[in-house]
Amino acid sequence: MEQTDAGVDLHPSNGCCTHWRSCTGFWLLGLCNNFAYVVMLSAAHDILKKQESENGTASTTFTLSVDFHGRNSSNSSRYDCNPISTAAVLLADILPTLIIKICAPFVIHKLPYGIRVLLCAVMAATSFLLVSFSSAVWMSILGVIFASFSSGLGELSFLSLTVFFTRDVLQGWGSGTGAAGVAGSFLYSGLTQIGLSPQTTLLIMLVVPVTMLISYFFLLVPPPSLPQWKSRNYVAVSSEDRRRLVDGSEDEEQDKSTPEDRSAGPLTFTEQLYVIKGLLKFVIPLGVVYFAEYFINQGLMELLYFPNFYLSHAEQYRWYQTLYQFGVLVSRSSLCCLKIRKLCALSLLQVVNAVLLLFAVRYQFLCSAWVVFPIVFYEGLLGGAAYVNTFYFISKETEDRQREFAMAAASVGDSLGIALAGLSAFPVHRYFCNL
């Protein structure tokens, strides 16, 4: 069996089984990393309403934002506005993730992957327990913070982890994260609808961080070069060998006959800044896509209300969210069929979506929710495609020594766009609700 000097196995004996385990493992890691976040936030809304209710009765109706019950009696706006924009919830959800994605890439290489995964699982479990047993609002908010940190640390760590495997695992990761939104919403909604309390449902969800640990420690087949429990040992590995590992094919790289030995040691701060400069061509389009996407989701979706439609305001909003999640799932699972290098085109199309729906809210020229349904599904397709293709081409085009840092640093793009969308959605919500 051929190996590099670093111990990277180029021709594993059970290649098919190893490949299947790796792709399945990353699919489950993507599912667990985002699934826990979605489910915990949904339950947090229910428990917050219980704590703020005079009679202490919890709502068991699932929603990814502020719940609607028919028309809102607190205002007379034609948009049936809620007193608080769903953007407020969005900002509380995303800011801890944004902070860790900005800071962690510069120092996270000092922390072995095994410890990172343990931290993610512990923080996710802690968020479930805090929200489940919360007796005050601050405990539920603390649970949101733990879930957000877990999601942010997990995303940048698992994206960095993909550089030790074949590039196919990116499709598994992307598909798993896309499935988390759909599976999380349906599972939480289903369990609460059959009569389980949000607290009991959350305790059942403790199986999610356990599944994350099993997927990482028992399902994945890590190469010997993976720094599992100790800081990475930087040794010289030729870029030709690394390309063979990443691409899974020697034939594809035969034309690249000039190997370069990677320098020993981690990237310096100056080198990291240089890498970040090169990542802007990926991060900016991704950020624009997610800015437009979440401007729609948190600023406009709740205003796209059709009072004469057979679905209530609550049901219309939930179908928007569900169709959006299905669009994300489909496009994040499409990497094996379609690769899109022109990320700026996806940004432009998503901005067109946002402008179209902004004018639709203002002038109300859309006649039915049936017209909005395919638009939000298409919105999800664009967002999912931008995410998975961004990291695929970063992995493919970044130099070997820079790749691990680049994958972690680029993960800030979507979170930054989401945070800016949340800030922008506040004045939009206030403007329309005052009409």
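Contact here means heavy atoms within 4.5 Å. The model is predicted, so local features need pLDDT of at least 70 and side-chain atom pairs count only at pLDDT 80 or more, while totals for chains, interfaces and linings use all residues. Residues are numbered from 1 along each chain as its sequence is written, and side-chain values use heavy atoms, with hydrogens and water left out.

**View 1. Contact of helix 9 with helix 11.** Phe282, Pro285, Val288, Val289, Ala292, Glu293, Phe295, Ile296 and Leu300 of helix 9 meet residues of helix 11, among them Leu343, Leu346, Gln350, Leu357 and Val361.

**View 2. Axes of helix 9 and helix 12.** The axes of helix 9 and helix 12 (residues 369-397) come within 10 Å and cross at roughly 165°; axes are lines fitted to C-alpha atoms, for helices over the stretch in contact, with angles from 0 to 180 degrees between N-to-C directions. Helix 9 and helix 12 are therefore roughly antiparallel (angles over 145 degrees). Residues in the contact include Tyr290 of helix 9 and Phe391 of helix 12.

**View 3. Kink in helix 14.** Helix 14 (residues 412-433) has 22 residues. A kink of about 25° lies at Ala425, shortly before the proline Pro427; the bend at a residue is the angle between axes fitted to the seven residues ending there and the seven starting there.

Technical notes
Helices (H or I, at least four residues) and strands (E, at least two) are DSSP runs, numbered from the N terminus. The expected span of a helix is 1.5 Å times one less than its number of residues. Angles under 35 degrees count as roughly parallel, over 145 as roughly antiparallel, 65 to 115 as roughly perpendicular and the rest as oblique.
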